[in-house]
Amino acid sequence: MAVIETFLKMLVMHRAEKLVLAPEEVPCVLTAGDAVRLPMPAVPADLAERLAREVVGGELPTGSPRTGTYRNEDGEEFAYEVSSSPEGFHIEMRSAVQTADADDPAVAVPVVPDPQPTQPSPTSPAPTATSPDPLLLHVLAQAVDAGASDIFLSSGKPARMRLNGSIQALDPAVTTDAQILGHLPGEASRQELERAGSVDFGARWDLSEQSRRMRINVFQHAHGLAAAIRPIRDRIPSLDELHLPPSLLDLCSYPSGLVLVTGASGSGKSTTLAAMVDHINRTMARHIITIEDPIEFEHRDHQSLIHQREVGENVESFSAGLRAALRENPDVILLGEMRDLPTVAAALTAAETGHLVLSTLHTGSATAAVNRIIDVFPGHQQSHVRIQLASALRAVVSQHLIRTADRTGRVPAIEKLLVTPALANAIRDGPDHHMKTTRPP
């Protein structure tokens, strides 16, 4: 979707006669002769140029203004006038119906000079946005182009990004609550945010000249709203591209059992699992079901058949999705995260009943992952869980990202634990130091 489409929706939403976009000025609409400034920052000159290109659809004017008609995605027509100046490109757009009516004196729409836009009352509610603020999308595009792994928005503060593990300033403009709320995909997400204080979802947005999928968490804090946004790669990378050892592909060949990838948040666990699933998809004929919150990488069928389910959209919870998956005849189940006792119990059951289960845990080491699973259960169940885990667990990969020697990027460092008969005995008997001292033959 072109960025200009979002501005045109605001023109329609306000039932305005004209939309005015000028470089380094706040966008405004004219309603009954009054200029109403939209609740967003000024349009940067480079974004104004991009908007002009989208409207004109060809060469930009260098002398006299260019006029014409733009048809949006809904088939509605808008008359435009695009002119250039030393500051950049100036855009005015009207509904083509209004423009046609203006030629009839009986129904003419009065043409008024553009007054200086006035700031709307702070008590007036911002219009409900159906897509992110276009100026904010422009900021996000800059972060993605820079290679940021995460983007942070907080009301009343400038946007920041995480680049090579460090937090850096992204844009001096202050983010507003209205801009953050504009990320929410619908009323159900707003209600979840109000009820729980945070909401997770995935979305695909147009950034610069590309479309990118994002994983977003919007949450409340002491001074307003904030959002943590993670860009998802356009293409599922291979393990080689991720600088991971090819021996991890051996973990994809297990016919059943539990394979875990652990590490801190942002260490690349989901990307590693996506690369493993993609390998299975391209080299084996399997039925793969993914249960994610939200869906990150979008898989396409190759040799395998893949069904992706999103918590909250296609399934109630991880545990409910796992229980349902056992009746859907999968060979491989990708579980986004093992969060709670019902999910862990269902994952162990699925791994014991002939399915290969791939999942993640937030732990710092392979042995800590084993203990985390056992500790989820009440004390009187732990001896049984040790027996169940010793039978079902196949491998644990603990992953961390470390900076390269030239400090221009990060690469993964991994610890791989393979469950041998000796290690299975150590898991079954405990305690933890038995696993740490057990070595493969």
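Which helix is Thr 271 found in? Thr 271 belongs to helix α7, which covers residues 269–283. Keep in mind as you explore that this is a predicted model. Below is a short tour, from the whole protein down to single residues.

**The whole protein**
- The protein has 441 residues, and buried residues make up 47% of them.
- Its secondary structure comes to 13 helices and 19 strands.
- If you take the contacts between residues at least 6 apart in sequence, 53% of them join residues at least 24 apart.
- The accessible surface comes to about 20,800 Å², and carbon and sulfur atoms account for 50% of it.

- Is Thr 271 buried or exposed? Its relative accessibility is 18%, and buried means under 20%, so Thr 271 counts as buried.
- Once neighbours within four places in sequence are set aside, Thr 271 is in contact with Arg 233, Pro 237, Leu 242 and Phe 297.

- Helix α1 runs over residues 3–13 and is mostly covered, with eight of its eleven residues buried.
- The buried residues of α1 are Val 3, Ile 4, Glu 5, Thr 6, Phe 7, Leu 8, Met 10 and Leu 11.
- Here is a handy rule for looking at any α-helix: there are 3.6 residues a turn, so residues three or four places apart point the same way.
- Just after α1 comes Arg 15, which takes a positive phi of about 55°.

**Helix α11 and what covers it**
- Helix α11 spans residues 382–392, and its buried residues are Val 385, Arg 386, Gln 388, Leu 389, Ala 390 and Ala 392.
- What lies over these buried residues? The cover includes two strands, β13 (257–262) and β18 (393–403).
- Helices also take part in covering α11, among them α9 (341–352), α10 (366–375) and α12 (421–429).

**A charged patch on the surface**
- Which residues gather in a patch of negative charge on the surface? They are Glu 24, Glu 25, Asp 46 and Glu 87.
- Asp 46, one of the members of this patch, is found in helix α2, which covers residues 45–56.
- Asp 46 has a relative accessibility of 40%, so this residue counts as partly exposed.

Key
Residues are numbered from 1 along each chain as its sequence is written. This is a predicted model: local features need pLDDT of at least 70, side-chain atom pairs count only at pLDDT 80 or more; totals for chains, interfaces and linings use all residues. Side-chain values use heavy atoms; hydrogens and water are left out. Helices (H or I, at least four residues) and strands (E, at least two) are DSSP runs, numbered from the N terminus. Buried means under 20% relative accessible area, exposed over 50%, partly exposed in between (1.4 Å probe, protein chains only). Contact means heavy atoms within 4.5 Å. Patches are made of residues with over 30% relative accessible area and no salt bridge: like charges are joined within 9 Å, nonpolar side chains (Val, Leu, Ile, Met, Phe, Trp, Tyr) within 5 Å. Accessible areas come from the Shrake-Rupley method with a 1.4 Å probe; for residues, only the protein chains shown count as cover. A salt bridge is a side-chain nitrogen of Lys or Arg within 4 Å of a carboxyl oxygen of Asp or Glu. Lys and Arg count as positive and Asp and Glu as negative; His and the chain ends are not counted. The place of a charge is taken as NZ of Lys, CZ of Arg, CG of Asp or CD of Glu.
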